[in-house]
Amino acid sequence: MTLSDQIQPVAPAIQTGSLLRWALLTAMLYWLVASATLFVCAHDGGPVALWYANAVAAAMLLSSPVRQWPVLLLAVAAGNAAVNVGSPQSMLTTALFIPGNLLEIGLSAYLMRRYVDLGRCLTQVGMLLRGLALGGLVPALAGALAGAAVLSLQHLRPFGQVWPAWYAASALGSVAVLPLIFCLRTCGWRDLLGGALKPIVAVAMAAVVLVCLATPSGLGYPYVYILIALILVAVVGSFGATAVAVLTCSAISGTLLASGALQPQHGVGALGMLLVYLPLLLTLAPPMLLAVAFEKVLVTSREAGEREAHFRALYEQTPAMMHSLDTQGRLVSVSQSWLDRLGYRREEVLGRQSVEFMTPDSARFAREVVLPNLMSGGRTVDVAYQLVSKTGELIDVLVSAIWAHDSRGNRVRTMSVLTDVTERKRLAGERSAEQEQIRVTLHSIGDGVLSTDADGRITYLNPVAEEIVGWTLEEARGLLFSDVVYLFDQDNGARLPSPIEQCLRTQDRVGLPESASLRSRNGKEFGVRDSIAPIHDTDGVLLGAVMVFQDVTESRRHADEMSYAAHHDGLTGLPNRILFHDRLRQACQHGAHRRERFAVVFMDLDHFKHINDSLGHAMGDEVLKTVAQRLNRTLRAGDTVSRLGGDEFVMLLMGLGDGHAVDDIAQHVIDEAALPLFLNGVELNLTVSVGIAMFPDDGDDPNTLMKRADTAMYRSKREGRNRYHFFSKAVDDAAAARLQLESDIRRGINEQHFYVHYQPVLEARSHRVIGVEALARWDRNGTQPESPALFIPVAEESGLIVPLGKVILEQACHQLAAWSGTGLRHMQMAVNVSTVQLREADFVDMVSAILRESGVPGSRLKFEITESTLMTNAAAMLQVMHRIKLLGIEIAIDDFGTGYSSLSYLKRFPVDTLKIDQSFVRDMESDVNDRELIKAILAIAASLQLNVIAEGVETEGQAALLIGMGCPQLQGYLFARPADAATTTAWLLAQSRLDEPAIDLS
């Protein structure tokens, strides 16, 4: 659609009327204009001077949609036919004029709608010429040729005579009418009349009329004067006034031409008609062109004024700070924002030098540098100045300026834009300070800090990060993270995917696995722990990522060491109880799932305490380490050996089909341990006791298996050591009973269930009582005393013999104290002392304290010890015995002859008495060897001047033989059974009054 389609119709009433009414109006208007033209412009049936009707009809078509044009053209045809009604011409001749007129009208409307911008015809000469040519000259020629051809074909008029006259009349009519139509379509009737009725314009138009009427009769060259009058209208009036003047002039001239006032001499041919109308065309066209030029100037001037006013309003009211300087540097204009920011009124600043509002440094910089550069270069961008407001406030600005030039290219003024960066500079200063603080902080912390942009390219490395990755910031900046940082899994060596890429992809925090390590540029490896987080701006836009990481190589090594230390024995390096228990738990789970058997093997070194006591703990540690090495060498690859503590080891033997494989391994362990061991020149021969529990036969959980393997190991110890035993339910029941017995012993000591029975010792020949032996008894269940043979070994193994021995010794000494005021005051009492008791560091002190408390002299006590005691750390025992002797206490060797002690021990130790073991006395009447042994013991005692007591004498024959051999003292059931204190006291008192053989207390 062209601009002409958008132009409003001349009359709104016509535009909005129905098509029929509009067609009727078109026909009537065409008939009226054509009739008037024929009336004033035709003379004596001659040709019409000017034909306006076709141009008016074309204007009516332009005011209607194209789809309505056929109806309107029919209306025009009707109007055209009506014009000739009543004329002398025939109806055929009248009808033959219609096609040419319709062609001209339709073509004129079409060409103007298609190619002419009617609004621009008033301001552009070229567009006006196009409008006149396409709307008038071209359609008129087409219509004239077509009409002349039709008439010629009917032999009504000669072709060469018709078309020039037709064309000249239509062309001049269109040229005269179209400018007015353009003006009406663009401005409307109101603006047209307003411009034409101005006084000076009215005078000029009156002059045009007078000149047109007067010139033909009074002056030569009439068109010149008419042209001058029209030019006057064009100069003083508007385009609309000129269009009215041109139309008026054309009507008058046409009338004059038709009347012959301007008609050339007769004899001019058809082509001469064009020469007659050409001066008129040249008279009408130039004023219109001049009016367009003036209109263009007026429009341009008006638009320039409007733009100037608009620009000035924008300039002054713009929110930006702006000012303009002349070539002397004086302010010629400033924006309101400039005034508001500096606190001045406009009249206070205009005409003053711009440097007057600057600080001295900025003013000097402007005069010496900026203004010269602006003069030479023509522009300057973002020059930093510091202005001073009216109140003295310093304002930081960035100034960008260019020169404005006049039409001749001369510089007129600068156009300057000032950006207030005071707040930005303050914030930048604060931000710079913050960034410096951040930089110092990041350079000071002990963690590595690395940042990237949104593409994963390095933007920052702090010194710690530089040291770890082996790149400087200058080298790494702009490189991809994966090109600078090599992360791998310490456990398997596989390279880890880039955490930065993952962080940027998910825009969420990312961490590395605990086993993550970093290999630096120089190949050094670091254990690292890190955290990666995305970086967003205040609007949430992803800017990049930051990675904070620590060198945890040392801490990870320490953690590994601590983990190793927590799960391994510090002396032997073997797995400790915690690690073994974990592996045993896994073995139970695996065995239950796979239905596989395995064994838990407990092992304990025999008599290891003797090694520590005799050779020292350092030597004992070496023994333990050697044993650990031998066990590692003995076991299979899938087995586990652990040190539980002390000299206890436990082994986990996996993948066993049956118990025979365990037999072989256990025996191999015993044999390996028994190999001679040389440490610091000392040869040691070790033996071990081994206990075995099988999964799942003996238990299906770690605690049960450990307990039962331990039980089996203690069975090996009880049965002689240097052997192995599988767990046995029966043996376990016995061990449980023993454990219960131990518990009952402990409770009996605490609850004073232990007491003393006394058995007399007599002089062999006279049967005179010379002393008693204190024997421990235990009322375990309140019915019958428990046999010492049952509880004494358990008490010794468990260490309970120490508190039990103290109880017995206290009761014995208190009984001696009770006898002190009677006839029994010289009675000596023998008390059995265990090796375990003698090993106690405070044993002698305890004995001394009891003697003091009871008031009994040590000479009334005799300690009975076994032969094996002498062989246990002889040096230590010798020292203890000497301390006992200092208390006046005698020492007797109990059960002599059963311990295989060396005679040298009897010579070295301060022994007073030997007690012949009852096993030799029991069969001496029938066994010659027993009698010979007893004789040998008596001979040894005699040679060493030791007293001898034969215990277990139960028959007169035994007593007789012993007396015959010279045994000085006897003890046994033949003379008296052990009895409680009251019974024994009564018996002893009775014996002290009767000088007769002892009677049986039973």
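Which residues is Leu970 in contact with, leaving aside its neighbours within four places in sequence? Keep that in mind as we walk through this predicted model.

Let's start with the whole protein. It has 37 helices and 27 strands, and buried residues make up 46% of its 1002 residues. The accessible surface comes to about 49,100 Å², and 56% of that belongs to carbon and sulfur atoms. If you count contacts with a separation of 6 or more, 61% of them link residues 24 or more positions apart.

Now let's go inside. In soluble globular proteins, nonpolar side chains tend to be buried together. Here, the largest nonpolar core has 81 residues, and Phe863 and Leu970 have the most contacts inside it. Helix α28 (residues 801-819) gives this core its largest share, 8 residues. A second, separate core holds 70 residues, including Ala27, Ala34, Ala169 and Ala234.

Back to the opening question: Leu970 is in contact with Val761, Leu762, Ala764, Ala950, Val953, Ala959, Leu962, Ile963 and Phe975.

Next, find Pro760, which sits in strand β20 (residues 754-763). Is Pro760 buried or exposed? Pro760 counts as buried because its relative accessibility is 2%, and the cut-off for buried is under 20%. Beyond residues up to four places away in sequence, Pro760 touches Val769, Gly771, Val772, Gln971, Ala976 and Trp987. Take Trp987 from that list: 227 residues separate Pro760 and Trp987 in sequence, while in space they are 9.6 Å apart, C-alpha to C-alpha.

Definitions and conventions: Residues numbered from 1 in each chain as written. Predicted model: local features only at pLDDT ≥ 70, side-chain atom pairs only at ≥ 80, totals over all residues. Heavy atoms only, no water. Helix = DSSP H or I, 4+ residues; strand = E, 2+ residues; numbered from the N terminus. Buried < 20%, exposed > 50% of the residue type's maximum accessible area, 1.4 Å probe, protein only. Contact = heavy atoms within 4.5 Å. Core = buried A, V, L, I, M, F, W, Y, C linked by side-chain atoms within 4.5 Å. Areas by Shrake-Rupley, 256 points an atom, 1.4 Å probe, with all protein chains shown as cover.
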